[in-house]
Amino acid sequence: MSPISGRHAPSELTAEGIAASGLTSEKLSLPTLQSKMKCDPEGYESELILVYEQFKSSMNLFEEQAACSFTSLSGVSTDSTVSKDLGDRSMFLSHVTPFYPKLLVNFPKELAILLKSSAKTLPPGLRVHVTQALILLINRKIVDIGETLELFMELQTLGDRVLRKLAFSHIVHSIRRMNQKHKNDMKNRALQNILFGLLQQEDEAKAKRSLITLCEIHRRRVWFDDRTANAICSACFHSSSRIMIASLSFLLDYEKIEDDSDGDMADSEDEQTANPQVVVNKEAIYKANNKGTSSSKKKKQAKLQRVVRSMKKQQRVQSENNNTSYYSPLNHLKDAQGFAEKLFSRLQTCNERFEIKMMMLKVIARTVGLHHLILLNFYPYLQRYVQPHQRDVTNLLAAAVQACHDMVPPDAVEPLFKQVVNQFVHDRSRPEAISVGINVVREICLRMPLLMTEDLLQDLVLYKKSNEKAVSAAARSLLTLFREICPSLLVKKDRGRPTNPKARPKAFGEVSVASSVPGIELLDQEDNDSDDDVEEGSVGLSDDDNQSDEDVDSGKEDVNCENDGDNASDNESGDDDEIDDECNSDEEFSEDDDAIDSATEDDESDGEAEDIDDSKMQDNSSLASEDDDVDEKESKGIKRKISDIDVNAASNSLRALKKLAGAKMEHNSSNMEEDGILSNEDFQRIKELKAKKDARNVLAQHGFKLPSSDQLSTKRVDAAKLEANIRKKLSKEERLAIIRAGREDRGRYQAKTALKKKKTGGSSNQQKEHKKLMPLAAKRSKVARSKIEKKRKQARAGKQFRGRKAWK
């Protein structure tokens with residue numbers, strides 16, 4: 001406790017009182033005084049008043065200097081000591097403001113006014129100190145961020161990099177912290193209005209900083225709503241080209257749109273969640289519950305809970321990042337057609353660089369593809385750039401593919417389609433251009449298959465025999481696509497084994513409308529298969545089976561049809577002929593039913609089914625009366641073995657009857673239960689059956705699966721995939737880099753003799769023999785032996801026959 005702690009709120013601040021406290025008015029130890037004020041706020045009100053008065057006097061001096069435009073080199077603004085004292089006092093007062101709310105009620109406003117009026121004239125160090133003091137007050141919720149948001153946006157435009165980074169991070173983190181637990185829509189809307197207003201201003205610096213702030217908050221999924229997305233998209237029409245480029249860059253998924261490296265800042269909370277300090281295992285859980293005192297157990301349990309929460313958050317973030325679904329602010333456009341038309345009109349009239357035009361083309365193409373828009377003038381505009389020698393032609397073709405969908409009339413895209421084929425796919429074109437052209441044709445036909453003709457497809461498929469891998473692979477991919485969507489356009493030898501031989505693309509404007517629950521036919525099919533299995537196992541085994549009279553009669557009819565010669569008599573020849581006709585009609589109907597694909601043929605099959613049902617009902621009575629005679633004749637003859645009985649006859653007839661009744665029961669297929677309501681188990685079963693059916697189709701098609709129209713609209717077309725399997729020609733520098741990379745593991749080249757000289761581990765036997773000292777007689781005898789051996793070799797060489805002589 002200081003010697004003046006007993007005093008409370010003195011009426012006057014005198015020099016004797018300050019001297020008694022151990023401090024002087026000229027030099028105050030602010031950190032010590034700050035710690036003592038936090039311990040005893042009431043005892044240090046006089047010191048607070050003194051420091052506050054000094055701050056006011058310094059602030060007034062700077063304000064007068066700014067008003068008089070005082071720029072002399074000997075002015076106060078260039079005095080480092082005065083600037084440092086003012087910065088230290090501002091930080092000191094911001095720290096003790098929560099303890100003196102009444103005495104320092106006007107202090108935050110004075111700081112804001114100082115920054116607004118003379119931020120440009122303040123020294124950079126002092127400006128940063130005052131900004132930090134104001135941020136401290138906002139973090140302690142003494143000042144609302146809505147009151148200072150516009151001020152911090154202006155501070156970012158002063159050209160001070162440190163201050164810009166500080167103000168930007170403060171805005172982003174404050175808004176994120178405000179929406180961390182729950183979102184206050186009214187407060188968010190007020191802050192959004194401020195940023196939207198700055199974005200619409202003609203001042204380029206303010207508009208750009210507000211756009212960067214909106215993009216960062218939207219990327220962090222804090223303001224992940226339609227208003228923010230539409231504001232970012234509307235920046236594409238700003239009068240400044242730099243604002244337009246920044247907005248286009250963000251829409252094209254360029255995460256970092258700032259010029260410097262200040263845009264992406266790692267949050268301390270994210271770092272803590274990414275690297276948890278405690279490992280969650282059985283030992284840690286056991287210690288948290290069973291070891292230590294009660295207080296230590298609580299601490300361990302709280303730490304485990306924090307780690308578990310952070311791990312769950314990390315998993316959620318990873319799952320969102322790994323999600324393949326395409327997202328863009330373009331999804332939230334309120335008037336997508338107006339946005340595309342307005343941006344396309346600006347593209348036609350602008351004089352920007354080619355790179356910026358390409359960015360505008362990509363954004364327009366993505367908007368058209370995402371929202372299935374009709375922009376007919378866009379395709380002729382693309383057509384003028386479709387040339388093999390065009391710069392960035394693959395990106396241009398990818399944008400053209402992205403803009404194609406099934407709602408566009410084929411006549412509008414046909415000139416562009418023919419331009420691609422004529423310019424890229426011909427005999428004199430390079431293999432790279434041919435492969436790119438065929439890949440583009442495949443992607444366009446995947447979205448609009450009506451553009452392809454039979455002659456063109458057969459010509460393109462012939463490239464599958466090319467010696468170039470890229471060309472043959474592209475042609476085979478086109479062949480695989482049309483085996484699924486329209487096999488009739490291919491030659492018979494190229495069709496392979498398609499899953500649906502009569503598949504055809506939908507006509508323009510054709511839409512398949514679901515009349516019942518999608519996938520309910522799978523439940524019907526499953527029930528029918530289960531009934532067939534039960535009936536096939538029960539036919540011919542016992543007389544007490546759970547079969548209906550109709551099933552038994554139909555089984556007897558098939559037996560009579562197959563064994564007509566055994567059961568016939570002279571008196572019943574007419575009836576047998578009728579039965580034979582019925583059997584033939586059943587076979588013909590089953591064949592016709594398998595080939596039905598159109599609504600007209602369905603109607604015809606319905607009529608045939610009704611006629612055959614009537615004939616069956618008329619003949620059932622005659623067959624029932626003849627059962628006794630047939631049984632007597634069978635009993636007189638030889639007993640039939642079980643193997644002689646056609647067990648599949650009853651099941652075949654049952655299937656035929658079910659096919660006959662299928663047309664009548666089609667409109668009642670949704671009535672799975674007596675009350676016609678599907679349960680949750682039925683829907684779950686439909687989902688499982690769909691998954692099994694898709695898996696079977698994918699296995700049958702060797703992994704190829706046609707995506708739906710919605711999947712194609714959200715799928716981004718990668719320009720690199722259009723250049724698949726293409727070997728690009730390397731430059732000299734790239735070839736040298738590859739050569740040097742291969743030499744890294746290999747040592748420096750040296751001759752073998754040099755390596756032998758550097759050999760360690762002793763000399764070889766040959767070297768020792770050369771160095772061996774021999775007696776003179778031994779040397780002479782060795783030389784003599786070598787001479788004799790040499791003469792013998794020469795003599796043998798002279799007697800050898802070297803070929804046929806030319807004379808005798």
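**Exercise 1. Is Ser174 buried or exposed, and what does Ser174 touch?**

Step 1. Start with the surface: Ser174 has a relative accessible area of 9%, where buried means under 20%, exposed over 50% and partly exposed in between, using a 1.4 Å probe and protein chains only. Ser174 is therefore buried.

Step 2. Now place the residue. Ser174 belongs to helix α8; helices (H or I, at least four residues) and strands (E, at least two) are DSSP runs, numbered from the N terminus.

Step 3. Next, look for partners. Setting aside neighbours within four places in sequence, Ser174 is in contact with Asn139 and Ile145, contact meaning heavy atoms within 4.5 Å.

A word on the ground rules: this is a predicted model, in which local features need pLDDT of at least 70 and side-chain atom pairs count only at pLDDT 80 or more, while totals for chains, interfaces and linings use all residues. Residues are numbered from 1 along each chain as its sequence is written, and side-chain values use heavy atoms, with hydrogens and water left out.

**Exercise 2. How do the axes of α6 and α8 cross, and which residues meet?**

Step 1. Take the geometry: the axes of helix α6 (residues 124-139) and helix α8 (residues 161-178) come within 10 Å and cross at roughly 5°. Axes are lines fitted to C-alpha atoms, for helices over the stretch in contact, and angles run from 0 to 180 degrees between N-to-C directions.

Step 2. Classify the angle. α6 is therefore roughly parallel to α8, since angles under 35 degrees count as roughly parallel, over 145 as roughly antiparallel, 65 to 115 as roughly perpendicular and the rest as oblique.

Step 3. List the residues. From α6 come Arg127, Val128, Thr131, Gln132, Ile135, Ile138 and Asn139, and they meet Val162, Leu163, Leu166, His170, Ser174 and Arg177 of α8.

Step 4. Sort them by class: six nonpolar, five polar and two charged residues form the contact of α6 with α8. Here Ala, Val, Leu, Ile, Met, Phe, Trp, Tyr, Cys and Pro count as nonpolar, Asp, Glu, Lys and Arg as charged, and the others, Gly among them, as polar.

**Exercise 3. Where is Lys141, and is Lys141 buried or exposed?**

Step 1. Lys141 sits in the loop between α6 and α7 (145-155).

Step 2. With a relative accessible area of 76%, Lys141 is exposed.

Step 3. Check the backbone too: the phi of Lys141 is positive, about 60°, although the residue is not a glycine.

Step 4. Arg221 is not a glycine either, and has a positive phi of about 60°; its relative accessible area of 44% makes Arg221 partly exposed.

**Exercise 4. How many of the residues of α12 are buried, and what do they pack against?**

Step 1. Count: eight of the 11 residues of α12 are buried, so the helix is largely enclosed by the rest of the structure.

Step 2. Name them: Ile243, Met244, Ala246, Ser247, Leu248, Ser249, Phe250 and Leu251.

Step 3. Find the surroundings. These buried residues pack against α10, α11, α16 and α17.

Step 4. Zoom in on Met244, which has a relative accessible area of 1%. Not counting residues up to four places away in sequence, Met244 touches Ala235, Cys236, Arg346, Glu352, Ile356 and Met360.

**Exercise 5. At what angle do the axes of α12 and α17 cross?**

Step 1. Helix α12 (residues 241-251) and helix α17 (residues 354-371) have axes that come within 10 Å and cross at roughly 50°. The two helices are therefore oblique to each other.

Step 2. Pair the residues: Met244, Ile245, Leu248, Ser249 and Leu251 of α12 meet Ile356, Met359, Met360, Val363 and Arg366 of α17. By class, this contact has eight nonpolar, one polar and one charged residues.

**Exercise 6. What span should α20 have?**

Step 1. The expected span of a helix is 1.5 Å times one less than its number of residues. Helix α20 (residues 410-424) has 15 residues and should therefore span 21 Å.

Step 2. Compare: the end C-alpha atoms of α20 are 20 Å apart, which agrees.

Step 3. Finish with the cover: α18 (378-383), α19 (393-402), α21 (431-447) and α22 (454-461) are among what covers the buried residues of α20.
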